[in-house]
Amino acid sequence: WIFAELAAGRPMTAPPYRDTAEFMARSLFEQFPATTALKMYKKFMIYFAANFVFGHQLYSRLTRGTTLKDMLRTIETHLDPLPRIATTPNGLMMTA
């Protein structure tokens, strides 16, 4: 999306973090049984949350709940407005 906007000469919009998180949650819960989807969602969220300042706190908030409805509610609650984005991903979060 970055290159499409640059090529068209339009100003860049905010990165689609919330849309990405919602898409991933919905896709996982559609494709896998709930227990497997939840495990995969939590693994994805480690890397996703590493992109934000205080990502470790954001991770614990975004992974509360056990259903798709719970996940979508936490995404809406904690990614709107979007938390401050880190200049580089937090490498310490990716060692788990």
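Colleague: Is Tyr17 buried or exposed?

Modeller: Tyr17 is buried, at a relative accessible area of 18%. Buried means under 20% relative accessible area, exposed over 50%, and partly exposed in between, with a 1.4 Å probe and protein chains only. Keep in mind that this is a predicted model, where local features need pLDDT of at least 70, side-chain atom pairs count only at pLDDT 80 or more, and totals for chains, interfaces and linings use all residues. Residues are numbered from 1 along each chain as its sequence is written, and side-chain values use heavy atoms, with hydrogens and water left out.

Colleague: How many aromatic pairs are there?

Modeller: A pair of aromatic rings is described by the distance of the centres and the angle of the planes. Rings of Phe, Tyr and Trp (its six-membered ring) pair if their centres lie within 6.5 Å; planes under 30 degrees apart are stacked, over 60 edge-to-face, the rest tilted. That gives four pairs here. One of them, Tyr17 with Phe48, is edge-to-face, at 6.1 Å centre to centre and 75 degrees between the planes. Tyr17 sits in helix α2 and Phe48 in helix α3, so this pair ties together parts 31 residues apart in sequence. Helices are DSSP runs (H or I, at least four residues), numbered from the N terminus.

Colleague: What kind of pair do Phe44 and Phe48 form?

Modeller: A tilted one: 5.7 Å between centres, 35 degrees between planes. Both are in helix α3, four residues apart, about one turn of the helix. Tyr17, Phe44, Phe48 and Phe52 form one aromatic cluster.

Colleague: Which residues does Ala21 touch?

Modeller: Contact means heavy atoms within 4.5 Å. Leaving out residues up to four places away in sequence, Ala21 touches Met45, Phe48, Ile75 and Leu79.

Technical notes: Helices (H or I, at least four residues) and strands (E, at least two) are DSSP runs, numbered from the N terminus.
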